[in-house]
Amino acid sequence: MLVQIGTGKTNAEIAAELFITPLTAKTHVSRIIGKLGVRDRTSLVVLAYESGLIAPGQALDNA
């Protein structure tokens, strides 16, 4: 799910991809934020880039 967040997908897009409800996707995003100790969704994107999960330009390729 961190990869999907890192590529700029919305909760609705993530939900459709994972066959879950948008509310469940939102809950998962919130829990990832809490467990990784970051401040917000933007910080998750930065973390995804810094950890190598997302390559520069990958978000544009998957959009």
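Arg39 is exposed, with a relative accessible area of 73%; exposed means over 50% relative accessible area, buried under 20%, and partly exposed in between, with a 1.4 Å probe and protein chains only. Arg39 forms a salt bridge with Asp40, and the closest N and O atoms of the pair are 4.0 Å apart. The model is predicted: local features need pLDDT of at least 70, side-chain atom pairs count only at pLDDT 80 or more, and totals for chains, interfaces and linings use all residues. Residues are numbered from 1 along each chain as its sequence is written, and side-chain values use heavy atoms, with hydrogens and water left out.

**Confidence**

- The chain has an average pLDDT of 92, and 92% of the residues score at least 70; pLDDT is the predictor's confidence in each residue, on a scale from 0 to 100.
- Helix H3 (residues 22-36) has the highest confidence in the chain, at a mean of 98, whereas helix H5 (residues 58-62) has the lowest, at 61.
- Where pLDDT is low, the predicted coordinates should not be read in detail.

**Overall architecture**

- The chain holds five helices and zero strands; helices (H or I, at least four residues) and strands (E, at least two) are DSSP runs, numbered from the N terminus.
- Read from the N terminus on, the order of elements is α-α-α-α-α.
- The radius of gyration of the chain is 11 Å, which agrees with the value near 11 Å for a compact globule of 63 residues; the radius is taken over C-alpha atoms, and the globule rule is 2.2 Å times the number of residues to the power 0.38.
- The C-alpha trace spans about 30 × 25 × 15 Å along its principal axes.
- Of the 63 residues of the chain, 24% count as buried.
- The chain exposes about 4,100 Å², of which carbon and sulfur atoms supply 60%; accessible areas come from the Shrake-Rupley method with a 1.4 Å probe, and for residues only the protein chains shown count as cover.
- Among contacts in the chain with a separation of 6 or more, 47% are accounted for by residues 24 or more positions apart; a contact means heavy atoms within 4.5 Å.

**Nonpolar core**

- The largest nonpolar core has 10 residues in all: Leu2, Ile5, Ile14, Ala15, Ala25, Val29, Ile33, Leu44, Ala48 and Ile54. At least two residues of this core come from each of H1, helix H2 (11-18), H3 and helix H4 (41-50). H3 gives the most, with three residues.
- A nonpolar core is a set of buried Ala, Val, Leu, Ile, Met, Phe, Trp, Tyr and Cys residues joined through side-chain atoms within 4.5 Å.
- In soluble globular proteins, nonpolar side chains tend to be buried together.
- Ile14, a member of this core, is in contact with Met1, Gln4, Ile5, Lys9, Ala25 and Arg41, leaving aside its neighbours within four places in sequence.

- Gln4 lies in helix H1 (residues 2-6) and counts as buried because its relative accessibility is 13%.
- Not counting residues up to four places away in sequence, Gln4 touches Lys9, Ile14, Glu17 and Leu18.
- Two of these residues, Lys9 and Glu17, form a salt bridge, with their closest N and O atoms 2.5 Å apart.
- Lys9 counts as buried at 17% relative accessibility, while Glu17 is partly exposed at 37%.
- The count comes to two salt bridges under the rule that a side-chain nitrogen of Lys or Arg lies within 4 Å of a carboxyl oxygen of Asp or Glu.
- Asp40, the partner of Arg39, counts as partly exposed at 28% relative accessibility.
- Side chains of opposite charge can pair when their charged atoms come close.

**Individual residues**

- Phe19 is found in the loop between H2 and H3 and is exposed, with a relative accessible area of 78%.
- Phe19 has a positive phi of about 60° although it is not a glycine. Most residues other than glycine have a negative phi.
- Leu23, in helix H3, counts as exposed at 61% relative accessibility.
- Leu23 and Asn11 are 12 residues apart along the chain, and their C-alpha atoms are separated by 7.8 Å.
- Ser43 has its place in helix H4 and is partly exposed, with a relative accessible area of 21%.
- From C-alpha to C-alpha, Ser43 and Thr27 are 17 Å apart in space, and they are 16 residues apart in sequence.
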